[in-house]
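These are my notebook entries on a single chain. I set out to look up its charged pairs, a helix and its nonpolar packing.

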Amino acid sequence: MNTPPREAVVMCMYLELGQVELTGKVAIELGAGTGLVGIVAALLGAKKVTITDREPALGFLAANVKENIPPDQLGAVEVSELTWGQGLERYPTGGFDIVLGADIVYLEDTFPSLLQTMEHLSSESSVVLLACKIRYERDTNFLSMLKQRFTVHEVHYDKERDIHIYKAVKLPARRDL
């Protein structure tokens, strides 16, 4: 496995602390890169994990999954193509208990598509966990956009690596009269 980004490592450490119940949950990892976060979620007991990225990364992702998931658990992990904001009908609306993302908040042009994807995949009972550095104004802008559609709390800060983990829960749908 190539070296995963620090955000993925911090997310995995957070998951291992047991602050989020994974056992029996259906999870999806967005912009997976190496797939480390999704692999760890599966190893920690998620009943189904979908590990996604764009098409060019899928061969590498599939190889990492095969190499790092025990054969008797391979059926619980799926590698799937997902370009944010596109082809979302292939994924069940609100169909995931946990949505995971590490080091995915960095290209401002992708923020609207990323938010659309997160909204599609999550329900009001889903937990979205994002691990990221807050480096630039664009990063805080994304958090502001996220707070318009989700309740957002910082749940962990790794001071040594300067990485924040945010927990987001979808706001109830507004019912305008």
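I began with Arg149, which forms a salt bridge with Glu119, the closest N and O atoms being 3.2 Å apart. By the rule I used, a salt bridge is a side-chain nitrogen of Lys or Arg within 4 Å of a carboxyl oxygen of Asp or Glu. Arg149 lies in the loop between α5 and β6 (150-158) and Glu119 in helix α4, so the pair ties together parts 30 residues apart in sequence. I took helices (H or I, at least four residues) and strands (E, at least two) as DSSP runs, numbered from the N terminus.

I noted the basis of these values: the model is predicted, local features need pLDDT of at least 70, side-chain atom pairs count only at pLDDT 80 or more, and totals for chains, interfaces and linings use all residues. Residues are numbered from 1 along each chain as its sequence is written, and side-chain values use heavy atoms, with hydrogens and water left out.

I then looked up accessibility, where buried means under 20% relative accessible area, exposed over 50%, and partly exposed in between (1.4 Å probe, protein chains only). Arg149 is partly exposed at 33%, and Glu119 is partly exposed at 25%.

The count came to 6 salt bridges. Among them I recorded Glu78 with Lys48, with 3.8 Å between the closest N and O atoms. This pair links distant parts of the chain, Glu78 being in strand β3 and Lys48 in strand β2, 30 residues apart. I also recorded Arg135 with Asp103, at 3.9 Å from N to O.

Next I turned to α2. Just after α2, Gly45 takes a positive phi of about 115°.

Last, I examined the nonpolar cores, each a set of buried Ala, Val, Leu, Ile, Met, Phe, Trp, Tyr and Cys residues joined through side-chain atoms within 4.5 Å. The largest has 32 residues, of which Met11, Val37, Ile51, Leu100 and Leu129 touch the most other members. A second, separate core of 26 residues includes Leu115, Met118, Leu146 and Val152.

I listed the contacts (heavy atoms within 4.5 Å) of Leu100, leaving aside neighbours within four places in sequence; among them are Met11, Leu15, Val37, Ala41 and Leu129.
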